[in-house]
Amino acid sequence: MNKKVAFYTLGCKLNFSETSTIARDFSKEGFDRVDFSEKADIYVINTCSVTENADKRFKTIVKQAQKINENAFVAAVGCYAQLKPQELADVHGVDLVLGASEKFKITDYLNDLSKNDFGEVHSCEIEEADFYVGSYSVGDRTRAFLKVQDGCDYKCTYCTIPLARGISRSDTMTNVLKNAREISEQNIKEIVLTGVNIGDYGKGEFGNKKHEHTFLDLVTELDQVEGIERLRISSIEPNLLKNETIDLVSKSRAFVPHFHVPLQSGSNEILKKMKRRYMRELYVDRVSKIKEVMPHACIGVDVIVGFPGETDELFLETYTFLSTLDISYLHVFTYSERDNTEAVDMDGVVPNNVRSKRSKMLRGLSVKKRRAFYESQLGTQRTVLFESENKEGYIHGFTENYVKVKAPWNPELVNTLHDVVLTEIDDDGLVRFNFVKELNNV
């Protein structure tokens, strides 16, 4: 009988792509992958450090694994494992903690899988995390997350990512294209480009700061890879989203009209304190440019509430700014203090109850924005990629411009693309549609 391994991923799309790659390494070593809810010999938890909540969830997940199999070997990898390895190693039941460089060699650290009396830590100094490991996720869903870049050279005052993932570095163009072709050969219809700061693509492609390619070169080349139906840019900094890239997406064969552009604050005063590399005027310019060439484009926004020094007036500045902006939805993050960041020592700490209230206000605004965007798309013809899950008798899918649709469950639709006309918004906020071919046959 082969040994069994199960995975749990916290955090971002990048983590999902890396978990998938680590899982393939286990398969090569003769392990069978099972669901995290099943009995396994080893449980691997890929951790996140972006929010306090992700830290707390780690302990709960370890307990879940132990409840299923108290003798299972538990390993922690990922960002939190790099930042606070000893803290994770001290959690009851954890046997192995691997940092940023070591996680891709996890099978080298497994001996007899017997439980340790205490967590064993292998974690490099983050300066040593200067090599690149390509990864992508397949088999988990109808789309694949393709990692093209890792690390970050930005010094945002709230962020631990550079401490957890190291300097900005990129995959080679050759390898990205090879991975994209491998994905397309597995009948996956959509690839989402992911990384820590993907607009910085090219930097570190040769293990140094030498630049041969840019993000624009990358998207230009990927657009020509045969067999990929859809390409989606996961998240890109406003200062790195150039007009040329926006124009390319607008004329592209495969890139979809969906952008996720982090803002973090609509107040220039707060943006300066955050050490972001743009002011809100540039953000307005980017949104205007996207909408000028793709009026139907979906634009998602990251925003942080409760940053030190965010007074009621400055928060309202953000709220008003976002209200007037032609965007489609928000990802709202409540600021949480992180060790070894500049922001943790800043004055003007916002009380937790105020942070929570502001977060609720922006989440309410996001619901309105999404609804307005969906309403603007009713009556239009779009292409839907259907997902693989049966959710209470319904199948869900996304249009190219990220409108979420629903229809009665039909397994034949899974992982297929269909032209539809969007007709109405259901009570749950999702959109109903008619198939174009059915319309033509009437």
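Which order do the strands of the open sheet of 3 strands have, and is the pairing parallel or antiparallel? The order is E12-E13-E14, and the pairing is parallel. Welcome to this predicted model, where local features need pLDDT of at least 70, side-chain atom pairs count only at pLDDT 80 or more, and totals for chains, interfaces and linings use all residues. Residues are numbered from 1 along each chain as its sequence is written, and side-chain values use heavy atoms, leaving out hydrogens and water.

**Domains**
- The chain is assigned domain 1 (4-125), domain 2 (130-256), domain 3 (257-377) and domain 4 (380-435); such bounds come from an automatic or database domain assignment.
- Taken over C-alpha atoms, the centres of domain 1 and domain 3 are 33 Å apart.

**The sheet E12-E13-E14**
- Helices (H or I, at least four residues) and strands (E, at least two) are DSSP runs, numbered from the N terminus.
- The open sheet is ordered E12-E13-E14, and its edges are strand E12 (258-260) and strand E14 (329-334), each with a single partner strand, so one side of each has no neighbour in the sheet.
- From one strand to the next, the twist averages 15 degrees.
- E12 and strand E13 (residues 298-305) pair in the parallel sense over 3 bridges, where pairing requires that DSSP finds at least two bridges between two strands.
- Phe 259 stands opposite Ile 299 in E13.
- Helix H10 lies across E12 and E13, running at about 160 degrees to E13; angles run from 0 to 180 degrees between N-to-C directions, and axes are lines fitted to C-alpha atoms, for helices over the stretch in contact.

**Helices H6 and H7**
- The axes of helix H6 (residues 173-184) and helix H7 (residues 215-222) come within 11 Å and cross at roughly 35 degrees.
- In H6, Met 173, Val 176, Leu 177 and Ala 180 meet Asp 217, Leu 218, Glu 221 and Leu 222 in H7, contact meaning heavy atoms within 4.5 Å.
- The residues of this contact divide into 6 nonpolar, no polar and 2 charged (Ala, Val, Leu, Ile, Met, Phe, Trp, Tyr, Cys and Pro count as nonpolar, Asp, Glu, Lys and Arg as charged, and the others, Gly among them, as polar).

**Two residues with positive phi**
- Most residues other than glycine have a negative phi.
- Lys 275, in the loop between helix H9 (268-274) and helix H10 (280-293), has a positive phi of about 60 degrees.
- Lys 275 is partly exposed, with a relative accessible area of 42% (buried means under 20%, exposed over 50%, partly exposed in between, with a 1.4 Å probe and protein chains only).
- Asn 415, in the loop between strand E17 (404-408) and strand E18 (417-425), has a positive phi near 60 degrees and counts as buried at 14% relative accessibility.
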